[in-house]
Amino acid sequence: MVGLLRELLEPSADQVEVVEVSPGRPNLIARFDGRARTPSYALEAHTDTVGVEGMVIEPFAAEIRAGRLYGRGACDTKGPMAAMLHALLRTKREWGTLPVTWYFIASCDDELGGSGARALTQSGFFCDGIIVAEPTELKVLTAHKGVLRFLLTIHGKAAHSAYPDRGSHSIHAAGSLIEGVKRLNATFREQWSEHPLGPPSISVGTIRGGDHVNRIPDRVEMEIDCRILAEQSADELVEALDRLAKEAVQDDPGLSYDLIATQKYPGLPAVSDSGISDLADSLAALAGQGDDQASYTTNAGFYSEAGIPAVVWGPGSIHQAHTADEWIDLEELEQASEILYQLIKSTHA
Ligand SMILES: [Zn+2]
């Protein structure tokens, strides 16, 4: 993927850099110098897709039927990426030099942890505004929640189930913890009922424990997914979970727990908090669509956290992403490219 992008971009871009984030997982950063060096903007799209298991179409045939292109990644997010590339290369071809400097960024591993976007911001990359490609039906997405994930292990003591007092029951402790999570969710619903993104939430997504019906289980593992608002403190949430785990094991000295944070995707704060960029304003005007907010997370959170005003935008619908017959509407794709072309042309120092 990155090899193809490099071939496509090298003849036109002023610089193309490929940076390996982890073995076999590179980011690509192409720079198109403008007549003015500032401001500078970026178009970003992730190179990875989800898997192809269970698909009912040929995942990589890119078959076109009735104005739609079918395939894995068609809308999440190779279609939006194609619109970005086409717009940049078209402006470059027609104008020779762009009005201001633009970057095209292909990031790796969006679907599994966002390591590409994280590595890019940690490397010191900066610009004055970034558009992150995701299928938003051409609506400018200005806010979304963040994600925190944890692995919680409760350790108990095995015993014959006929002699429960000789053991420490890890699964029963897990039950108390789940009750605590439900109470916390109820508090969130009350506290954040007015929030446009909806209240934050915590979900115990997997639970594994026990090996025999007649044995007191000595270990249970739970994976916990938290959808948090940008204005919430991640530390406070960790403390709240830690408190719930403590309460769940407190009645039995034979019980203990480990709480490990496994993944973190920062949220994208709402417009009023971050101050929308000129770029986002111009994009919204050209796209003729108002602001939108979403429940899913994107790379935009990483850029916003690094101080780069970020919005999410692209052709296609999130409801087609990750599906068994993923497709994108070609007319909408062309429209997206035209809007970006107009946007690039309209930028100035
Ligand atoms: Zn995506």
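Biologist: Where does Ala62 lie in this predicted model?

Modeller: Ala62 lies in the loop between E3 and strand E4 (63-65).

Biologist: What makes the phi of Ala62 worth a remark?

Modeller: Its phi is positive, about 50°, although Ala62 is not a glycine.

Biologist: Which bond joins Thr38 and Pro39, and what is omega there?

Modeller: The two are joined by a cis peptide bond, and omega is about -5°. Pro39 itself is in strand E3, which covers residues 34-46.

Biologist: What is omega near for the peptide bond from Asp76 to Thr77?

Modeller: Omega is near 5° there, and the bond is cis. Thr77 belongs to helix H2.

Biologist: Now the helices. How do H1 and H2 cross, and how far apart are their axes?

Modeller: Their axes come within 12 Å and cross at roughly 15°. Angles under 35 degrees count as roughly parallel, and therefore H1 is called roughly parallel to H2. The crossing is right-handed.

Biologist: Which residues make the contact of H1 and H2?

Modeller: H1 brings Leu5, Leu8 and Leu9, and H2 brings Met81, Leu85 and Leu89. Leu and Met count as nonpolar, so the contact divides into six nonpolar, no polar and no charged residues.

Biologist: Why are H7 and H9 called oblique to each other?

Modeller: Helix H7 (residues 278-287) and helix H9 (residues 330-346) pack at about 135°, with axes 10 Å apart. Roughly perpendicular ends at 115 and roughly antiparallel begins over 145. The pair falls between those limits and is therefore oblique. H7 passes H9 in a right-handed crossing.

Biologist: What makes up the contact of H7 with H9, by class?

Modeller: It has six nonpolar, two polar and no charged residues. On the H7 side are Leu279, Ser282, Leu283, Leu286 and Ala287. On the H9 side are Ile339, Gln342 and Leu343.

Biologist: What about H4 and H5: at what angle do they pack?

Modeller: Helix H4 (residues 170-191) packs against helix H5 (residues 234-249) at about 145°, and the axes are 8 Å apart. H4 passes H5 in a right-handed crossing.

Biologist: Which charged residues are found where H4 and H5 meet?

Modeller: The contact has 10 nonpolar, two polar and two charged residues. Arg183 in H4 and Glu247 in H5 are among the residues that meet. Arg and Glu count as charged, so these two are the charged pair.

Biologist: Now the pockets. Which residues lie nearest the centre of the largest pocket?

Modeller: Of its 24 lining residues, Met1, Arg72, Gly73, Lys78 and Gly79 lie nearest the centre. The pocket holds about 380 Å³ of space. Its lining has 17 nonpolar, five polar and two charged residues. Arg and Lys count as charged, so Arg72 and Lys78 are those two.

Biologist: Which element gives the largest share of that lining?

Modeller: H2 does, with six residues. Helix H1 (2-9) and strand E5 (68-70) each supply at least two.

Biologist: How many charged residues line the second largest pocket?

Modeller: Six, along with five nonpolar and three polar residues. Asp110 and Glu111 are among the residues nearest its centre. Asp and Glu count as charged, so both belong to that class. About 270 Å³ of space lies in this pocket.

Note on methods:
Residues numbered from 1 in each chain as written. Predicted model: local features only at pLDDT ≥ 70, side-chain atom pairs only at ≥ 80, totals over all residues. Heavy atoms only, no water. Axes fitted to C-alpha atoms, helices over the stretch in contact; angles between N-to-C directions. Helix = DSSP H or I, 4+ residues; strand = E, 2+ residues; numbered from the N terminus. Parallel < 35°, antiparallel > 145°, perpendicular 65-115°, else oblique. Left-handed = near helix turned anticlockwise from the far one by under 90°. Contact = heavy atoms within 4.5 Å. 1 Å grid on protein atoms, 1.4 Å probe; cavity = no way out; pocket = protein on both sides within 12 Å on 5 of 7 lines; lining within 4 Å. Points joined across faces, edges and corners; volume = space filled by probe spheres on them.
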